[in-house]
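The sequence and the structure come first.

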Amino acid sequence: AAASQGAAGAGAVGAAVAVNAVTNSTQTILDAAIITGATRLEQTATSTSKIDALTLAGAVALGAAQGGGVAFAGAGAGSGNTIKNTVASLIRNGSSVVTLLGSPTALQATDKSTIKADAGGGSFAAAGGQGGGGAIAGTGAAATNDIENTVRSHISGASLSTGSLSLGADSTAAVEAFTLGLSGALAGGQGGGVSLAGAGSGSGNRIKNTIEALIDQGAAVTATGDLAMAASDLATIKADAGGASLSAAGGQGGGGSLAVGVAVANNKIENVVRSLIANATLTDAVNLTQTATSTNDIQALTIGAAIGAAGGQGGGVAASLAGAGSGNTVSNMVEAGIRSSNARARGNVSIAARDNAAITAAGGGAALSAAGGQGGGIGASIGVSAAKNTVSNQVRAIVDASTVLADGDVSLAAT
C-alpha cells in the first residue's frame, strides 16, 4: 500500500509452488528358486501411494495519492505431482514350484495410488486520487497430476505344479484436482480510472497404467484345480476449475475496464489391461478363466466468469471475457487371450475382455459488462464454454496360434 500527496504506486506479488514425486518398487519375487511340498504358496504385493497437495497464494496492492495512484497485484499457485511405481508378484527365471496335491497357489498385485491437488490464488488491486488511478490484478492457479504405474502378476520361464492357481492384478488409481483463481481491480479519481483484472485456473491430469496377469516365456503350468487370471482397472479422474474476475473504473474524466476469467481442464486415461497366456503350456486345469476389465470415469467441471464496469462524466468503456473448457480422453487397450500356447482344461474355458468408460463434462462461461456516463458508454462481453470428449478403446478376447482342449464349453466375449 502506498499513499502520498503527489502520486503513488504500489505492487504486490504472491506465489506458492509444490513439486511432489513418488517412485517406489514393491515386489514379491521367486527368481531361479525351487519350492517343494508347500501346503500353500501365496505372493502379495500392495502399494498405497498417496499425494495430497495444497497451494495457496494471495496479493493485495493499494495506491492512492492526490496526484493519482497506480497499483499492481499478482498471485500464482500450483503443484506438479507424479506417482510412478512398480507393483509385482513374480515367479520367473527357471523357478520350480511344486505344492502338495491339491494345495493352492496365488499371486496378487494391487495398486491404490491417489493424488489430490488443490490450488487457489487471489489478487486485488485498487488505485485512485484526484489525478486518477490505474489498477491491474492477475491471478493464476494450476495443477499437473500424473500416475504411471506397472501392476503385474507374472509367471515367466518357470515350471509350476499346483492345485488351484490364481493370478490377480488390480489398480484403483484416482486423481482429484481443484483449482480456483480470483482477481479484482478498482481504479478511479477525478481524472478518471483504468483497471484490468484477469484470473485463470486449470489442471492437466493423466493416468497411464499397465495392469497385467501373465503366464508366458515358456512357462509350464500344471494345475489340478481351477486356473483363474484377472486384470482389473478402476481409474478415475475428477477435475474442477474456476476463474473469476471483477474490474471497475470511473471518475470525472471517465473510465475504462477489462475483466477476463478462464478455466480449463485436460484429462486423460490411457491404460493397458491384459490377462494373457503367451508361449506357455497349461495342463490339467479344471476350469480356465481369464478376465480383463476396465471401468473408468472422468468428471470435469469448468467455470469462467468476468464482470467489467466503467463510467464517469467523460464516459466509460468496459469489456469482459469469460471462457471455460475441458478436453477428456479415455484410450485403453483391454485384452484377454491365449497366444502361441497349448492349454488343456477338464472343464470350461472362459475368456472375457470388458470395458466400461464414462465421461461427464460440464462447463460455463459468463461475462457481464456495464458502461455509462455523461459522455456515453460502450460495453462488450463474451462468454464461451466448450468440451471435447473422446473414447477410443480397443477391447479384445482372442485365441491366436494356439491349441485349446476343453471337455466343457469354450467362450470368448468382448464387451
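## Contacts and confidence

Two residues are in contact when heavy atoms of theirs lie within 4.5 Å. Among contacts in the chain between residues at least 6 apart in sequence, those that join residues at least 24 apart make up 86%.

The model is predicted. Its mean pLDDT is 93, with 97% of residues at 70 or more. Over residues 1–7 the pLDDT stays under 50, and the model has 22 contacts beyond four places in sequence for this stretch.

## Fold and dimensions

The chain contains 33 strands and zero helices. Its C-alpha trace spans about 95 × 35 × 25 Å along the principal axes. The radius of gyration is 31 Å, whereas a compact globule of 415 residues would have one near 22 Å.

## Surface and charge

Buried residues account for 48% of the 415 in the chain. The accessible surface is about 15900 Å², and carbon and sulfur atoms contribute 55% of that area.

There are 22 negative and 18 positive side chains in the chain. The centres of these two sets are 3 Å apart.

## Serine 341

Serine 341 sits in the loop that runs between β27 (333–339) and β28 (342–345). Is serine 341 buried or exposed? Serine 341 counts as buried because its relative accessibility is 3%, and the cut-off for buried is under 20%.

Apart from neighbours within four places in sequence, serine 341 is in contact with Ile277, Ala278, Asn279 and Ala280, and also with Ala401, Ser402 and Thr403.

Definitions and conventions
Residues are numbered from 1 along each chain as its sequence is written. This is a predicted model: local features need pLDDT of at least 70, side-chain atom pairs count only at pLDDT 80 or more; totals for chains, interfaces and linings use all residues. Side-chain values use heavy atoms; hydrogens and water are left out. Helices (H or I, at least four residues) and strands (E, at least two) are DSSP runs, numbered from the N terminus. The radius of gyration is taken over C-alpha atoms; the globule rule is 2.2 Å times the number of residues to the power 0.38. Buried means under 20% relative accessible area, exposed over 50%, partly exposed in between (1.4 Å probe, protein chains only). Accessible areas come from the Shrake-Rupley method with a 1.4 Å probe; for residues, only the protein chains shown count as cover. Lys and Arg count as positive and Asp and Glu as negative; His and the chain ends are not counted. The place of a charge is taken as NZ of Lys, CZ of Arg, CG of Asp or CD of Glu. pLDDT is the predictor's confidence in each residue, from 0 to 100.
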